[in-house]
Amino acid sequence: MLRLSVVGHTNVGKTSLMRTLMRDAAFGEVAPTAATTRRVAGARLLVAGRPLVELYDTPGLEDAGALIELLERPSAERHAGPERIQRFLASAEASGRFEQEARVLDQVLQSDAALYVIDVREPVLGKYQDELAILALCARPILPVLNFVAGARARPGEWRDALARVGLHAVAEFDNVVFSLESEARLWRRLATLVDHHAAALESLVAEREAQARWQRKAALTMLADLLVDAAAARRWADRGDAGALDRARRDLHAAVQAREREFARRLLELYRFDPDAHAAVPLPIDERGWQHSLFDAEILGLIGRGTGQGAAAGAAAGAAVDVATGGLSLGAGTLIGALAGGGAGAVWQLRRDLADRLRGRAVLQLDDAALTHLAARGTALIDALRQRGHAAQTPVEIARSAAPPWPENRLPKTLRRTRLEPGLSTLNPDVRRDGDAREEQIRKLAEAFGTGHGLGV
């Protein structure tokens, strides 16, 4: 098992690196103040239940300038690196003024290599060069990790030049906040060049992380498909002439979908191993605030009677038309064929019931195309944000006010158009018999369409 010490100056992101590599937002303590970590803390990275890497978070190096002067006093031992560190650790200074540095060096001596974390927003100062000189005395491979490379004040070029001057040419860029699976893989592969006898284990770790990311994305898209099927088939009924009943039905539908979206966000946070209850630290845009358009139309009557600005009737897989003004019903042979092709025989029977309800003066309230498109856009944006979020991030998740729709021209996928016709597919309809098998099939089809990008605009 590879033993790694995570070292560096105070407040450069050592604990943050541990959190991100471990996928654990709760490890250690992260704060903007210096010297938050006071003791060594360890954790293991597993592959198939087997520990491959042991990571040790260490306190920050604070007084490297004074320590290197102490270590250089016996000039006759200038080249006896590890021995000089051992003698220092046995001295009174190691339990006094340099107690924190002693903990770091003791752990490095017990490790196979060290990750030296650098805040590249800082200029290359003498104190950092002193730290590297002291760490070099431990005679362990050192991989510098350039942190905060995504920041506007980052100066990775200056740091690479300075590191090359002391013989450190293998360098990894890895931002603890803006996560990149590719950058993480490069970090482990660069480290493998320094500890080649652990190269196979590190490659298996990279493969496991990539497989985990693929599984998480598939699971996330299935959760989103689950949400959209619930929302598309959700409906409420009320007498069209009763304004109070219509308003209550509308508000009830609104509350049900909003609660379902919050549940989706909670489950998504759990999937990506973020605290699902830490909404104060990671507030999520799971309500209507901040959106330019309301998530719900004032009144959406039926699966058929009202367009959404695209010339298609809202949710009408069959394209049926109701002429309420004349009290007549128009359902021609071509429309019926379209209903059979788009929704199946069960959908046709539901369509007949909806038409009958409308003729009797009952309104069916459902989400329209724009509402479902907004819901899908927010869901995909949240998935993307969490996939790119390091577990050291402290700022809230931010979703763009107008996230890109996941299908072209806001046209609902065929799966959702069919789902609209069958209230038995939604868990949000309290008094409707559920069709669990059909529901799972619709979720599977929609999740596959999201995963491949095909079939979303059909």
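This briefing covers salt bridges in the structure above. The structure is a predicted model, in which local features need pLDDT of at least 70, side-chain atom pairs count only at pLDDT 80 or more, and totals for chains, interfaces and linings use all residues. Residues are numbered from 1 along each chain as its sequence is written, and side-chain values use heavy atoms, leaving out hydrogens and water. Side chains of opposite charge can pair when their charged atoms come close.

**Count**
- A salt bridge is a side-chain nitrogen of Lys or Arg within 4 Å of a carboxyl oxygen of Asp or Glu; by this rule there are 27 salt bridges.

**Arg 3 and Glu 54**
- Arg 3 pairs with Glu 54 in a salt bridge, with the closest N and O atoms 3.0 Å apart.
- Arg 3 is in strand β1 (residues 2-8) and Glu 54 in strand β3 (residues 50-57), 51 residues apart; strands are DSSP runs (E, at least two residues), as are helices (H or I, at least four), numbered from the N terminus.
- Glu 54 is buried at 8% relative accessible area, while Arg 3 is partly exposed at 25% (buried is under 20%, exposed over 50%, partly exposed in between, with a 1.4 Å probe and protein chains only).

**Asp 252 and Arg 236**
- The closest N and O atoms of Asp 252 and Arg 236 are 2.5 Å apart in their salt bridge.
- Asp 252 lies in helix α9 and Arg 236 in strand β7 (residues 236-239), 16 residues apart.
- Asp 252 is partly exposed at 40%, whereas Arg 236 is buried at 10%.

- Arg 260 and Asp 226 form a salt bridge (3.3 Å, N to O).
- Arg 260 is in helix α9 (residues 243-271) and Asp 226 in helix α8 (residues 199-233), so the pair ties together parts 34 residues apart in sequence.
- Arg 260 is buried at 10%, and Asp 226 is buried at 15%.
- A network of salt bridges links Asp 226, Asp 230, Arg 260, Arg 267 and Arg 439.
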